[in-house]
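Okay, thanks for coming, everyone. I'd like to walk you through one model today. Have a look at it first, and then I'll talk.

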Amino acid sequence: MAWLQLVILSPFILAIFIPFLYKYVRQIHTGWFVLILPVLLFSYLIQFLPVVSNGETVQHTVEWIPSLNINFTAYVDGLGLLFALLITGIGSLVVLYSIYYLSKEKEALNSFYVYLLMFMGAMLGVVLSDNLIVLYVFWELTSLASFLLIAYWYQREKSRYGAQKSMLITVFGGFAMFAGIILLYLMTGTYSIREIIAQVGTISTHELFLPAMLLILLGAFTKSAQFPFHIWLPDAMEAPTPVSAYLHSATMVKAGIYLVARLSPIFAGQAEWFWLVAGFGIVTLFWGSFSAVKQTDLKSILAFSTVSQLGLIMCLLGLGSAAVHFGYSKENAIYTTATLAAIFHLINHATFKGALFMVVGIVDHETGTRDIRKLGGLMSLMPITFTLAIIGTFSMAGLPPFNGFLSKELFFTGVLNASQLDIFNMQTWGMIFPVLAWAASVFTFIYSMVLVFKTFTGKYQPEKLDKKPHEAPIGMLIPPIILASLVVIFGIFPNLLSYTLIEPAMASILPSLLAPEQQFYVNIYHWHGWTTELFMTMGVIAVGTILYFTLTRWSGIYNKFPKRLALNHFYDHGLISMERVANKITRFHMTGFMRDYLVYIFAFLIVLLGGGLFTLNAFSFGQGQVAPIGVYEVILALVMVCAAVAVPFAESRLTAILLVGVVGFSVALFFVIFRAPDLALTQLIVETVSTALFLLCFYHLPKLRKEISRVPFKATNFLISLGVGVVMMLIAFSAIDNRLFVPISEYFLEASYKEAGGRNVVNVILVDFRGFDTMLEILVLGIAALAVFSMIKLRLARREDFENQ
Amino acid sequence: MRTNDVILQTVTKTVSFIILLFSVYLFFAGHHNPGGGFIGGLMTAGAIVLLYIAYDIETMKKVIPLDYKKMIALGLLIAVSTGIGSFLFHVPFLSHSFGYFYLPVLGKTELATAVLFDLGVYLTVVGVTMTIILSIGEDDE
């Protein structure tokens, strides 16, 4: 195991110790211990910067399940490193922030930090894994951690609702993605992303290629909250604010973006990929920004804003994939602008959105509300927070000189270039992109202004606030200050990261374009001259300002939408009707009568086995291998038949139990005759013990009464029992003659003494050759025993509690 | 209710020990002859059940003050740790080994790690059977 694997696993290892630290070191906030780890990881990962900026990659493999091609391969390239730095960097700030946000007296910090660390490790695993199965495992872990964190205040109903919603939607997508990964494996025979990329030429014509793409996109879209799966993200805001800042803005939701970027080398160049990624992205961008304007809760605004910005990045990745068609040279470098803008905006979004979430958290923490109708006039009370909010929102709105402006300009360049493409029907449909992008930017401008001015300017209404607001403690301000300074720094020195992070990440997304030793040309600057992009931005500001001041006049259009068409409505009703149908089906077959269940089981047995035998024409009744039948066997068989037939006619329960016992002991005798002492012993003891069990239960069982049931019911029973008997007999007869392989017993007889030093073949198989089976079997036994115990004992305890009340 | 269980109790005192001894024999014989952890465990459980039938649960709790649920856990722990133990010797999970040793009383004896695993099976089976039977037996509703 190398350091890289340890980087991924270290959060999980630390998580084990968190509950103890929380319990025994009460005077220190648990967050301080957690803080050390992301800071260490960040400083460790940063030393890969020179490596990847030279175009090199680092990888290390630990074998996990080599026989299934599943290995734990940690792989660092530009894209992985960019995300890993975001995860650990923003992670450190969020942990620092959470120390001041969550009180150590009131909150269950142990679970909070365990979930947070679990998330951090899972996320690092996603972005640093080369193996798709490992990636998938970590991917689902992020969903799980997110679920736990959203439901952190599980006493609130909305938290539980939001957690369930996010879980259902993201895990649904995760399963689809899993299927897509399997399809990729079927085509290529490997789970390694780099090996799959190497085979792109041969698989792109495969008939499974398109299904694999669609399934994987489903996973990416649900995770990244793309329209129409975005509905879970606003509800996820029930989580504590540090979580929202970290998971639902800066990192986890970007996992979908990461996946699309990571798999771009496989799928880019396909028209379906281009249209799906870019199309869903642009629709999400527009819909998210449009919906954000009507929100009154600060966090909801940010949630919809995140949805919309994720759509923006997704759209850019889709547009950038078209570059594969044109090859790369100085002249057509414009086609890669979209990819460049995606990466740059990814970084910028993490900085300004992280800062804004923390600002909103501060407002919430210090005033007790996030409702913009109650807030206002906080500027003079919280000057530092106000400054941070200004920087964050102006960057989000795309105003100079902040970094958001730069990436917004690049975004406009990207969509304008895309509309001039002459592939994928872009000559006719291409105009959609600039139009929607511009409209979305107007709404982005409006909600950004709402966010900052409705909170910090206007009339101060202390009577509507729960607490008396004042500036936040310094520790709570440091993380957003750092993020906001990054917003400014990247704004003033946009090329700071050009060749250290952005270019290597672009090279990972579009590797096929570069010849060896070649680099993408990345130069971001403020002044492009009087370009279309600049006029678009000016239009955004002009129209946005007008619409902001006339907000009350036109906001009525939001109420015009029919409620029944809302996506949340579909989700809620889908869930309710699913439950109703499931209940109906369950009530139909779970009658509570053991007899009915047995009928189902045996009916399936007859249909599946009998039908299988019939359709495969597997009947064969040869006499060749039949051993001579002795007199003992005939007598025993007769005894068994008599006992079995007599059971239904038994007048008392005791007689019935004894008759079943006779059948069981006769089977044991058969084993004796056929010289299988182990089986005979087992059967004898099992019979004895189960008879003892019967006797114990005897006391509880109702009196056996002659059942007066309808004739058709008995006829079904009769038919079923007859069917089972006939099918089993047919199988037994056919099995005698159908010997396809040499019996394996020869091998075991030979090997059991030589290799395991035991002469008892049965036992050697049980404990050695197939020891793993046995281990899991006794595990099942143990679970069954605990289930019986809890079923009986806990029921008693509950009833006693009830009676005591 | 019980008026005439003197005979049962007297017989049980002897018989249960014979069964217990036999079950231990079965357990150790398992490697070469019919037997093994599963059968041995079931037979031990059978002997204990017989004791429980002859005497009552309260008395037996004093005679054998064991928590059978913990016995399950112990058994599983032994079984899993013999599996993990293979890692110490850099061989795959659950690899077994055996060898011949000269022991003071027994002379040349074969010792196999499989027996340790079997011990786990044995304890689990006893624990499981007794937990189930006692849970149902103590349930007096």
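Some housekeeping before that. This is a predicted model, so local features need pLDDT of at least 70 and side-chain atom pairs count only at pLDDT 80 or more, while totals for chains, interfaces and linings use all residues. Residues are numbered from 1 along each chain as its sequence is written, chains are lettered from A and ligands numbered from 1 in the order in which they are written, and side-chain values use heavy atoms, with hydrogens and water left out.

The C-alpha trace of chain A spans about 105 × 70 × 55 Å along its principal axes. Of the 805 residues in chain A, 51% are buried. By buried I mean under 20% relative accessible area, with exposed over 50% and partly exposed in between, using a 1.4 Å probe and protein chains only. And if you take contacts in chain A between residues at least 6 apart in sequence, 79% join residues at least 24 apart, where a contact is heavy atoms within 4.5 Å.

Now the strands. β1(A), residues 58-65, pairs with β2(A) in the antiparallel sense over seven bridges; to call strands paired, DSSP has to find at least two bridges between them.

Next, a helix pair. How do α29 and α30 of chain A pack? Helix α29 covers residues 653-673, α30 covers 677-698, and they pack at an angle of about 170° with axes 8 Å apart. Axes here are lines fitted to C-alpha atoms over the stretch in contact, and angles run from 0 to 180 degrees between N-to-C directions. So α29(A) and α30(A) are roughly antiparallel, our label for angles over 145 degrees. The contact includes A:Phe665 and A:Phe671 from α29(A), and A:Leu684 and A:Phe694 from α30(A).

On to the salt bridges. Over all chains, the search finds nine, each being a side-chain nitrogen of Lys or Arg within 4 Å of a carboxyl oxygen of Asp or Glu. My pick is A:Asp77 with A:Arg262, at 2.8 Å from N to O. A:Asp77 sits in the loop between β2 and α4, and A:Arg262 in helix α13, so the pair ties together parts that are 185 residues apart in sequence. Buried or exposed, would you say, for A:Asp77? A:Asp77 is buried at 5% relative accessibility, and A:Arg262 is buried too, at 6%.

Then there's A:Arg370 with A:Asp297, at 3.3 Å. That pair links two loops, 73 residues apart.

Over in chain B, B:Asp67 bridges to B:Lys69, with the closest N and O atoms 3.3 Å apart. B:Asp67 is partly exposed at 31%, and B:Lys69 is partly exposed at 27%. Back in chain A, salt bridges with shared partners join A:Asp297, A:Asp364 and A:Arg370 into one network.

That's my tour; questions welcome.

Definitions and conventions
Helices (H or I, at least four residues) and strands (E, at least two) are DSSP runs, numbered from the N terminus. Angles under 35 degrees count as roughly parallel, over 145 as roughly antiparallel, 65 to 115 as roughly perpendicular and the rest as oblique.
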